[in-house]
Amino acid sequence: MHSSPKSAFQPRSVSNAMPSLDARKRSTASNANSAYGSGTPVAVATPPLRAAGVPPPTQGSPYAKGSPKAKYAVPPASAASVGGAAGPSTPSGSPKRTTPRSGSELPSPYDKEPKQTFFAYSHRRGPQNVNMAVVLLITLATLAVRLYNISHPHEVVFDEVHFGGFASKYIQSKFFMDVHPPLGKLIVTASGVVSGFNGSFTFKEIGLDYNNASVPYVPMRGVSAIFGVMLSPIAYTTMRNFGFSSAAAILTAVLVTVENAFVCQFRLILLDSFLLFFTALTAMLWSEFRRAYDRPFSTIWWRTLTFTGIGLGLTLSVKWVGLFTVALIGVFTLMDLWQLLTDSAIPLTKFARHFFARAVCLIAVPLAIYLFFFQIHFSLLTKETPSTGYMSPEFQSTFKGKQIENTYADVAYGSMIALRHEATRGGYLHSHPSNYPAGSKQQQMTCYPYRDTNSWFSVKLPLVVKDGSTIDPPTEGFQLITHGSTIRLEHNATAKRIHSHDVRPSWNEDKDINEVSGYGEKGHPGDTNDHWVVELVDEKDGSTANVKAIHSRIRLRHANLGCYLYSRAQKLPEWGFSQQEVTCSRLALKKLTVWRIEYNQHDNMPADAKKVNYKAPGFLSKVIELHQVMWRINANLKGTHAFSSRPETWPILKRGISFWRAKKAGDAKTFIYLLGNPLIWWSALAAVVVYAGYEILAAIATRRGIVFVNQGFLKEATNACWFFFTGWGLHYLPFFVMGRQLFLHHYLPSLYFSILLLGGMFDVLTLKLRTPGQILAALAVAGAAIYVFVLFAPIAYGLPMDKEYCESLRWRSSWDLSCNGLPSSSATTAAIAKTVAPSLNPDT
């Protein structure tokens, strides 16, 4: 059905109106439609249909009367009735004929007027008015649902550990690393600052008591809840903009309001309410832009297009999941531009204006907003923390108190240096007076994030063999280190030299990996396994370029084994103090064998010796580096979690997430468990499946030569549902290719679009009901959803309940509710849940 682009609305017939993006079918569809009255959807077989004004085929035509294929012919139509664009609308009864039928108009098998189907005819609706009284009522009702008992629990819940903690660091200007852009965390921080939070509370673990630390957690949760409240009126407005009835739009808003997963997630100090709010807002703004589509370059056209771009920027600035919203608007924008480009009636100069307008509003504006929040992020986080170890030395040099002092450029034998590993940000080459528990059992060699007295090494001349004796030659003068120089590195604090030999590390049996240790002692010269050849990364063999501190990127090749001093982001066990491993590898990635000399001192340094330092990066360089680190950390989030899940389990609501459980003595035995409203969740999935099936059947029918002629509201509804379905898919399917740790709450943006799709399909399925009947149907669906919401409210709000009631909510065996430990009761309070469970349980 959607072999070509779709649009929610058909442009008005004005001189400068662009061609309709509704034209998804062959032009023959509208011609066939005009023969039966404007807007009557029927299925007819194709060969080509004759348009209004085209003379009947001649006897020589394969479709002329008397031809074997004449039975496929379709009667001509008047120009006024084509597509229902002109002339009076035909009432919903049997369509009236405007001209008498000739004997050749309806050959067999169309010797009678086609019988109307269930979706026979509906007037085009177009965008509908938004009733502000309804918006107010929806908002107030949702406010009551979201804010109810929001002070409970008075303890840190689930990921409040992270996002509350980030707010503390913002307030204290302490740098931190997170995989999400800053907007959502900035909103949380602003809510805390306005409420009087001073950042002293750490949020470091689930269950910490807010009241003991006087944390204004209620207003901080309240801001998150308010953003969640606005999702319901936005859903109502979006549905009305797409032309759906008041009953369907209000029903959709009610379903969003009583979705238990939204209630649970939106009333805590988390980012998802902000993400869903801006995602839904962007979709609504796009629907507003569609209302002005037939008035290109007018004030309202520019305003709605620009606001859509602002919405994209805000969505993307909360989480990278906002990229899926960008993709949604991008897909429909590209379809718009393709229609314009392929329309010969549109001059290329006008197309260029359309392209430029969309590029500015939907690319430049969102990007500017996204970068703006990173500028705020950098301006607030100015103090060094352990997280600065993730960043390059250049980046770290921008922090207060972390400005690296100037150091001498020339490195010579006798210099005292500190080596930093470049690729992993693991820190400085380090040793300490602790030995490996296995292998050579010699002194450990590691990487440590901070420079201390254990980070200093002296550059010594290579050993000399004279008369069969090994001599440690003294350092004289100021002999520069060059590309190809052989050196020894002696640890200043312990007098051990960096050493490697054909011994496997105890934690890695790879034959290409050799242990690196600290070996030797004062008065003992050691052996040639202490020899390392300095190689400048950017120099070729034969070069004699000098090694420079800060600017030179060097590799240290073992003179005997040929392996390179190597480190990776792998922590040693507890005996290694969880510091980063250092080994010698022959086959390691080159970037993992690169080091820099960050500090350099020499007793005989010339008085006029040049000093150097890192060049502080500009704003864009910092943004790019930070995103590289964010991407790397995000990709490495592959650890296990008791409540992680995979995308294929989300639409069927296989399991939820345990957020919190009361553990303190004297507290009521309650818990919070993220789980959706089963009726809404499974109904929304059914809507997705039914709509997908409809599209597949329409595509098959088209390939078999049958055209579905959809006009009037049915066409508008299918176009809007296509937008919702695409939104569901783009926010859901990409998770299948992600290897990182995932949770049920990642499905919430897709769930929102599937609820909109459910509301749209409700309007279509109740199309033939009169208004009172449709209202009654909406009330029945809303009542059932509210009933199930109330049943599951205790686990969303953390309300007291007995064990029997809790067990009665376990409609699926995979729902691992924490019912054990709840008080038992002889009362039959679980009977309410049991009455509805059998009818909705997919396991039965």
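The chat below goes through the disulfides and then some other cysteines.

Q: How many disulfides are there?
A: This is a predicted model, and the count in it comes to two disulfides.

Q: Which residues form a disulfide with sulfur atoms 2.0 Å apart?
A: That disulfide is formed by Cys 563 and Cys 584. The torsion about their S-S bond is about 100°, so this disulfide is right-handed.

Q: And where do Cys 563 and Cys 584 lie?
A: Cys 563 is in the loop between strand S13 (553–558) and strand S14 (564–571), while Cys 584 belongs to strand S15 (residues 580–585), so the pair ties together parts that are 21 residues apart in sequence.

Q: Is Cys 563 buried or exposed, and what about Cys 584?
A: Cys 563 counts as buried, with a relative accessibility of 0%, and Cys 584 is likewise buried at 0%.

Q: OK, what about Cys 806 and Cys 819?
A: Cys 806 and Cys 819 form a disulfide in which the sulfur atoms are 1.9 Å apart.

Q: Which hand does the link of Cys 806 and Cys 819 have?
A: The link of Cys 806 and Cys 819 is left-handed, with -75° about the S-S bond. Both Cys 806 and Cys 819 are buried.

Q: What pattern do the disulfides follow along the chain?
A: Counting bonded cysteines along the chain, the pattern is 1-2, 3-4.

Q: Switching topic, are Cys 361 and Cys 721 buried or exposed?
A: Cys 361 is buried, its relative accessible area being 3%, and Cys 721 also counts as buried, at 2% relative accessibility.

Notes
Residues are numbered from 1 along each chain as its sequence is written. This is a predicted model: local features need pLDDT of at least 70, side-chain atom pairs count only at pLDDT 80 or more; totals for chains, interfaces and linings use all residues. Side-chain values use heavy atoms; hydrogens and water are left out. A disulfide is a pair of cysteine sulfur atoms within 2.5 Å. Helices (H or I, at least four residues) and strands (E, at least two) are DSSP runs, numbered from the N terminus. Buried means under 20% relative accessible area, exposed over 50%, partly exposed in between (1.4 Å probe, protein chains only).
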